[in-house]
Amino acid sequence: MCIRDRISSYLQWCDILLERNPRHADVHMFRAQALFRSAMFLKNESTNSLLNQSIDEWETVLELSPITSSHRRACALTLSAIGKYYEQNGESERALTLKTRASEINAQACLLYTSDDADHPHCVHLGGPRNIQ
């Protein structure tokens, strides 16, 4: 199976999950990431449409899960990457809008240690190593 088929299968899986769980933030996050990856891999006439769909999915994630810092950080990273894509393609105004939105979202991410963040150890910094005796 080629990568294009894998991406297509993953998007179909996300659509099935979305039908079953339309109010679940993680399902929208999976779909947003799949759309972004599809756009970055394919880079054809549908790229802008896929990126816009990804952005819309991320906004839905933030609506459904407004205080989850891991969702906010993932969204900010993706919006920054989309902004970088637009910047490289000469759309500096669109790039600036997305990078500004990413900064706002990242600034709103809660820095407290939460159970969601426990799943993402690279995002949690508790002051360095400890010696426990």
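Analyst: We begin with the criterion: a salt bridge is a side-chain nitrogen of Lys or Arg within 4 Å of a carboxyl oxygen of Asp or Glu. The model here is predicted. A search of the whole structure finds 5 salt bridges.

User: What do the side chains of Arg31 and Asp15 form?

Analyst: Side chains of opposite charge can pair when their charged atoms come close. In this model, Arg31 and Asp15 form a salt bridge, with an N to O distance of 2.7 Å. Arg31 belongs to helix 2 (residues 25-42) and Asp15 to helix 1 (residues 3-20), so the pair ties together parts that are 16 residues apart in sequence. Arg31 counts as buried because its relative accessibility is 14%, while Asp15, at 29%, counts as partly exposed.

User: Which residues are linked with Arg31 in a network of salt bridges?

Analyst: The network joins Asp15, Arg31 and Glu57. The side chains of Arg31 and Glu57 meet at 2.9 Å, N to O. This pair links distant parts of the chain, with Arg31 in helix 2 and Glu57 in helix 3 (residues 47-64), 26 residues apart. Glu57 is buried, its relative accessible area being 10%.

User: Where do Glu59 and Arg101 lie?

Analyst: Glu59 lies in helix 3 and Arg101 in helix 5 (residues 92-108), so their pair ties together parts that are 42 residues apart in sequence. Their side chains form a salt bridge of 2.9 Å, N to O. Glu59 is partly exposed, with a relative accessible area of 24%, and Arg101 is also partly exposed, at 26% relative accessibility.

User: How many residues does helix 3 have, and which of its residues are buried?

Analyst: An α-helix has 3.6 residues a turn, so residues three or four places apart point the same way. Helix 3 has 18 residues and spans 26 Å from its first C-alpha to its last, close to the 26 Å expected. Its buried residues are Thr47, Leu50, Leu51, Ser54, Ile55, Glu57, Trp58, Val61 and Leu62. Because these cover an arc of only 165° around the axis, they lie on the same side of helix 3. On the other side of helix 3, Asp56 and Glu63 are exposed.

User: Which helices do the buried residues of helix 3 pack against?

Analyst: The buried residues of helix 3 pack against helix 1, helix 2, helix 4 (69-88) and helix 5.

Notes. Residues are numbered from 1 along each chain as its sequence is written. This is a predicted model: local features need pLDDT of at least 70, side-chain atom pairs count only at pLDDT 80 or more; totals for chains, interfaces and linings use all residues. Side-chain values use heavy atoms; hydrogens and water are left out. Helices (H or I, at least four residues) and strands (E, at least two) are DSSP runs, numbered from the N terminus. Buried means under 20% relative accessible area, exposed over 50%, partly exposed in between (1.4 Å probe, protein chains only). The expected span of a helix is 1.5 Å times one less than its number of residues. The arc is that of the directions from the helix axis to the C-beta atoms. Contact means heavy atoms within 4.5 Å.
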